[in-house]
Amino acid sequence: MAAKKAAGQNRAKNNANRRRGGKGRGGGGRRASAPGGAAYAGDISVAADFVGRDKVVNYNYTPAGLDKLIEKLLEFLEAGAVFVPYGARPGGHRAELDGESLTFHPDALRRLTSGRLRSEQTHLINLTVAQRYGRWATEFVPLAAVADLRQEDVDVAPLYELTEPPPPGAGPGAQPNRAELTDITQALDKHLAFVILGAPGAGKTSTLQKITFEQARARLAGRPARVPLPVRLSEQHGKTPHEFLEGEWRQYTGGDLDDALAEGRVLVLADGINEMPRDLDLRAERLKDWRSLVERHGEHNQFVFTSRASGEYGGHLSLPNVLVKPLDEKRIADYARRQKAEGLLPLLADPGRRLADLAANPFYLQMMTQVYRTDPDQLANRGRLIETFIRKLLNRERDQAHRGWAQAAPVMIPALARLAFAWQEKKLSLTIEARAARAMLPETVEVDGEDCAVPAKDLLRLARAATILDPAAPTRSARFYHQLLQEYLAALELLRRREAGEDLARLWQAPRLRDAMPPAEVSEWDALPEPPGTGWEETTVLACGLAADAPALVEAVRAHNPNLAGRCWLEAGIEWAATAQTELKPKLQQGLLAELYDPRMHLRIRLQAGYTLGRLDDPRFAPRVINGVKVILPALVQVPGDTYTIGSSDDDDQAHRDEKPQHTVDLTAFAIGKWPVTNAEFACFMGAGGYKDEQWWETQLARRWLRGEDVTGGQLTAILRTWTSLRSNPNWKEAYQQAGIFSPQAIQAWEWLVGLSEEEEVKAAVIRGMSLKSRECPQYWFDTTCSNPSQPVVGITWFEANAYCAWLSAASGRRFRLPTEAEWEAAARGLDGRAYPWGNDWDNARANTIEGRVQKPSPVGAYTAVGNVGPFEGEDQAGNVWNWTSSLYRPYRYQADDGREDPEAEGERCVRGGAWDDRRRVARCACRVRGVPDNFDNFLGFRVLSPGS
């Protein structure tokens, strides 16, 4: 404080001396209060002051003054300085650096971006100094000790996953390319337009702020960059995208948007597709207009959008997607330590508390660290968590002695709850006119049994002060600071209305039937999106956590929306009573099972039901304890002993050469898994120490693989053989493309490998990739696209599949093994030798192959309702995931006693059935594909067989 006082005195003295010498800026000798209380002598047209060790410099609003100010501003920014609010009057900002300071006067930023001073240059200054952007000047900015929603975004660097469609002209087997990004600028450098997706509170707005700041700073410094134009889509209202952007551009820069677009100077950062009007038809129409704008101007300018990832963006823009990934354990732990909340970490690690998933969300992690210090029992319940946090905000403002606080404070929450509910029910965007918000407020609310008047104008003003409403929104507008706050308040009103006897079924009804489902308006290579939501999902989940009788609320939701009812059970953060566990939970499970197997339901609903069912403990995979070992016994279907036709006929134009000659095989009766082995089942093997006990790894090859050794005849040998073959065939690429089973990404990977000229280079590259395979779990065990308990386990080598069978045999007392390829084909084709498990005609709707664009493993049974059922009632025998067999890949005819079933033999093993990333041709029952035993792709799974009837 002494240094600050001295600096202020030095600055005042310097200004006074200059004024006496007749060189003051504008004369007049006027005085103004400096931020923090120090006195400035001189003209109030001074915008900012630099205080160094031996000098004070004042910067005015003239072009020359602004040039010098920008030079000093960049000097501070490039050195890592951060501007923070400063002084008693609002609008002041200050940064300190090595004992020096640069201070913007109160109202300076407003003056720079209004009136005759408006320009692209002053706009860029504002974007680098304003707190919401300027805090990105350093990689991490510690949060204040007191929780403050103005700094909602946790100071941990997000990770992203970029999904981009295959290049134009890619064949029908092509797939989207996915790549992990450590910095959003990687996507910005690669694409002129994309959409950032993430869960509520994941850091989407934070990411836009980072882009805004970095691009503004680069532009100011003369480096290649466009002029950022951050906009809220909730503020578009009835304007066209061009009209909306034109108004925003003129407001902040004073320039002409069309000129800027023509010159390729514009970077549009459009936040909040999910904050647009909730009417689905209107939202789709608006997004079509945005798509047209991007197509017209996207070749030279840039456009970045954000949206929630779940059910609120249907891919209408047909752009690459960047997913903000949940925080991982390392980043969560790092943040907790820096926030001095290390004691939170054991609570997050306790599976009984179910906190880990919640902590992966930055918005909730910040609140959790604050609430942890006062009330750890509220951590898992999101509704109670936000309730506690809002209480902290209100207590903070209570101590500020705001005008009108005593009258507004008691009615603020119930009145804002009515406003939030009406706002949501009218499907309004998240920003509306303040007078419209006042009109939606009730005249009175009940508080402690009495009707109390609602002072509408004061209430909105004070809600802004408490950051429940966004204080940065123009005063003529009203906007909740975060959509989760609006949804929490709407949840309070939902509960009040329910207790009053109102029928709320309308809030939970969404399209479910095949005929009623709106089309998924996505580009050809976008993944099939989740079904559209009601807009009340988050509100209902929060209400469940706040409800006095949560089971009754869940039961009411279940009657109209089984998936949402399941989410309430999983996500409300409630410790459910024993009666709810035994009575309500089975109803939820059966409701989701019914949707999964209901042919009337659209595929998007069936998939959604399967994923939620997996999280809710799928009753199809109920564990039991046998001799102290937790195990899930596989559901089996019986295949009778008989003579079966194997392979394809000579006149089958879909067949590959290795499927011939067609022949018969005599098989004894056996039982085979109804589904591929799921993550839920494989988790039992892992929990029993399956990777640590060598007795289940019965061959020398398997044990060597488990120890991390190179396995002769494995992936390295196969790749070297393919590398040699491809280098000797100049037309290999065309052949692979014509085969129709290799994606452009796979061909590109082979191109890179073929480009290596030395065998040792190939060996080194392959060994690097193989070393990434875990010997403690399947390769994709922690990948959220593959890890649902009801999905088939993938990333499984042949050795892991066999070890599971050996363990399951011992745990269950019944022998299990992998099927031979003849047994697998017989179980899928039946005695009539059909082409597909259901018959001879292909149907895109019946199997999870590349044609359906699900683009990940589906919950087992999701296609049964429309006919993906084999002759013996097996499911998922075509598509979803390839199934390992026990058989070496050898020419037909199949003979079980010719060595191809030797478990100790080296060489490739057959995989069968096709997968989500392959074409229908390879989903035929007769199709054979070779797989090296130590391969571990995300389309490789297996099913078990038990000999005998």
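**Group meeting: notes on a predicted model**

Glu-873 sits in the loop between helix H32 (821–829) and strand E25. Although Glu-873 is not a glycine, its phi is positive, about 75°. Helices here are DSSP runs of type H or I with at least four residues, strands are E runs of at least two, and both are numbered from the N terminus.

A word on the source. This is a predicted model, in which local features need pLDDT of at least 70 and side-chain atom pairs count only at pLDDT 80 or more, while totals for chains, interfaces and linings use all residues. Residues are numbered from 1 along each chain as its sequence is written, and side-chain values use heavy atoms, with hydrogens and water left out.

Now the overall picture. The protein chain has 32 helices and 29 strands. Of its 949 residues, 56% count as buried. Buried means under 20% relative accessible area, exposed means over 50%, and partly exposed is in between, with a 1.4 Å probe and protein chains only. Among contacts in the protein chain with a separation of 6 or more, 70% are between residues 24 or more positions apart. Contact means heavy atoms within 4.5 Å.

Next, the sheets. Strands of a sheet pair through backbone hydrogen bonds, either parallel or antiparallel. Two strands count as paired if DSSP finds at least two bridges between them. Phe-50 is opposite Leu-102 in E7.

E21 pairs with strand E24 (residues 670–673) over 4 bridges in the antiparallel sense, and Leu-636 is opposite Gly-673 in E24.

There is also a hairpin. Strands E16 and E17 form it with 2 residues between them, and Asp-448 in the turn has a positive phi of about 55°. The two strands run antiparallel, with 4 bridges joining E16 to strand E17 (residues 450–453). Strand E16 (residues 444–447) has Val-445 and Val-447 on a covered face, and Thr-444 and Glu-446 on an uncovered one. Thr-444 stands opposite Ala-453 in E17.

On to a helix pair. At what angle do the axes of helix H21 (residues 550–558) and helix H22 (residues 562–571) cross? They cross at roughly 160° and come within 7 Å. H21 and H22 are therefore roughly antiparallel; angles under 35 degrees count as roughly parallel, over 145 as roughly antiparallel, 65 to 115 as roughly perpendicular and the rest as oblique. The contact uses Val-554, Val-557 and Arg-558 of H21, and Pro-562, Leu-564, Ala-565 and Cys-568 of H22. By type, the residues of this contact are 6 nonpolar, no polar and 1 charged. In that scheme Ala, Val, Leu, Ile, Met, Phe, Trp, Tyr, Cys and Pro count as nonpolar, Asp, Glu, Lys and Arg as charged, and the others, Gly among them, as polar.

Is Cys-568 buried or exposed? Cys-568 is buried, because its relative accessibility is 0%. Its closest cysteine sulfur, in Cys-544, is 4.7 Å away, too far for a bond. A disulfide is taken as a pair of cysteine sulfur atoms within 2.5 Å, and a search of the whole structure finds 0 disulfides.

Last, a few backbone details. The peptide bond between Lys-660 and Pro-661 is cis, with omega about 5°. Pro-661 is in the loop between strand E22 (642–646) and strand E23 (663–667). Another cis peptide bond joins Tyr-892 and Arg-893, with omega about 20°.

Note on methods
Axes are lines fitted to C-alpha atoms, for helices over the stretch in contact, and angles run from 0 to 180 degrees between N-to-C directions.
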